[in-house]
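Work through the exercises below with the structure in view. Each task is followed by its solution in steps.

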Amino acid sequence: MSQNEVVEPVIGLIGGSGLYDIDGLEEKEWRTVETPWGLPSDQLLFGRLDGVRCVFLPRHGRGHPIPPSRLNYRANIAAMKMSGVTDIVSLSAVGSLKEELPPGHFVIVDQFIDRTIWREKSFFDTGCVAHISMADPLCARIGDVLEAQTKALNIEATRGGTYLVMEGPQFSTRAESNLYRSWGCSVIGMTNMPEATLAREAEICYATVAMVTDYDCWHEDHDNVTVESVVKTMQGNSAKAKALVKAVIPALGQPRGLCSAGCDRALEYALITAPEARDPALISKLKVVAGRVL
Ligand SMILES: CSC[C@H]1O[C@H](OP(=O)(O)O)[C@H](O)[C@@H]1O
Ligand SMILES: Nc1ncnc2[nH]cnc12
C-alpha cells in the first residue's frame, strides 16, 4: 500500500433491526460467502448504486433469526473483507440515554463502551497476536460524509456520542440504564461491538448511524422499551435511513487516496508475534483479513 495509491471504494452496509434491504440497488445478486470463521448471518447482497459497488448484509439475517450474542461477527466482517469492501456503514436501532436525543433522531457515534462478555472479539489468537488501537473506534472520514449528508437531507442528527454495547438479549434494568446515563453515554444497543473492532482489525473503515427508537427505561414520561416500540419507530426511521444510504454511497464511492483517518493501516504496527513463533494454520486463516501485513 503506497501513499499514492488510488482506492476504488466498495461500500459495505450492515442493516440492523428493521433494515433488511437497500432501495435502488442495481445488478442485485445474493451470494453465499464462506469465510475461515464460518458463514455470515446471511447471504450478501451485491449490487451497484449510481455505479458504486455495494455489499449489503442484514446483520441478524433475513427475517431476523439470530440474536445479538449469537451473531458470527468474525464471519460477517471477514465476508465483507473477502468481498472487497473498503468502507462499512453500520445502521443500528438504539435506545436513547439523553433527553435531547428523542426517537427518530440519528446519532453519528464516535465512541463505544463495550459491556459484552460472550463474544469472540478478535481474528487474532494464540499463534499470531495483534493489538490495534481503538482510541478512535469509528472512521471520522465516513463520519464527515454522514454528517454532511444528514444536513443536506434535513435529517435531525447529532455528530458524536458514545454507544454503550450491552450483551442482551434482555433490555437493561432501570439501574443499569441510569448507570450508563451517569457515564455520559448517548445511546444503547447490542451489536456494534465487536463488529467495529473486527472491522478495524480487518483494516476496513467503519462508521455507525445509530437510529434512536426509544428512551430505554429511564425516562419517567416515556414507556419502557419493547420490541413493538422499536419496530414501530424503525418503520418511521427506515425511509430516512434509506434516503441517507442513497446519498452517502455516491459520496463515499469516489476514487480516493488512503483513508485520512488511518483505519486502512490499522495493522501497520499491531503484530507482536515473531515470524518463527507464528502458527501456520492461524496465519493461513488470517490471510483473508490481514494478508497485507502477513
Ligand atoms: C429489536 S430491539 C433490540 C435489537 O435492535 C438493535 O439491533 P441492531 O443494532 O442490529 O439494529 C439492538 O442492538 C438489538 O440487537
Ligand atoms: N433500549 C435499547 N436497548 C438495547 N438495544 C436497543 N435497540 C433499540 N433500543 C434498544
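The expected span of a helix is 1.5 Å times one less than its number of residues. The model used here is predicted.

**Exercise 1.** Compare the span of helix H5 (residues 227–252) with that of a straight helix, and find where H5 has a kink.

Solution.
- Step 1: A straight helix of 26 residues would span 38 Å at 1.5 Å a residue.
- Step 2: Between its end C-alpha atoms, H5 spans only 32 Å.
- Step 3: A kink of about 40° in H5 is centred on asparagine 237.

**Exercise 2.** Find which elements the buried residues of H5 pack against.

Solution.
- Step 1: The buried residues in H5 include Val230, Thr233, Asn237, Ala241 and Leu244.
- Step 2: The partners of the buried residues of H5 include S1, strand S3 (44–49), strand S4 (52–58) and helix H2 (140–152).

**Exercise 3.** Locate the residues that UniProt lists for "binding site" and decide whether serine 17 and threonine 191 are buried or exposed.

Solution.
- Step 1: An unreviewed UniProt entry lists Ser17, Arg59, His60, Ser92, Ala93 and Thr191 for "binding site".
- Step 2: They span 175 residues in sequence, but no two of their C-alpha atoms are more than 12.2 Å apart, so they gather at one spot.
- Step 3: Serine 17 lies in the loop between strand S1 (11–15) and strand S2 (26–31), and counts as buried because it has 23 C-beta neighbours inside 10 Å.
- Step 4: Beyond four places in sequence, the contacts of serine 17 include His60, Ala93 and Val230.
- Step 5: Threonine 191, in the loop between strand S10 (187–189) and helix H4 (192–201), has 28 such neighbours inside 10 Å and therefore also counts as buried.
- Step 6: Leaving out residues up to four places away in sequence, threonine 191 touches Arg59 and Ser92, among others.

Terms used. Residues numbered from 1 in each chain as written. Chains lettered and ligands numbered in written order. Predicted model: local features only at pLDDT ≥ 70, side-chain atom pairs only at ≥ 80, totals over all residues. UniProt positions renumbered as here; feature names shortened; annotations may be inferred. Helix = DSSP H or I, 4+ residues; strand = E, 2+ residues; numbered from the N terminus. Buried ≥ 20, exposed ≤ 12 C-beta atoms within 10 Å, placed from the backbone. Contact = placed C-beta atoms within 7 Å. Bend = angle between axes of the 7 residues up to and from the residue.
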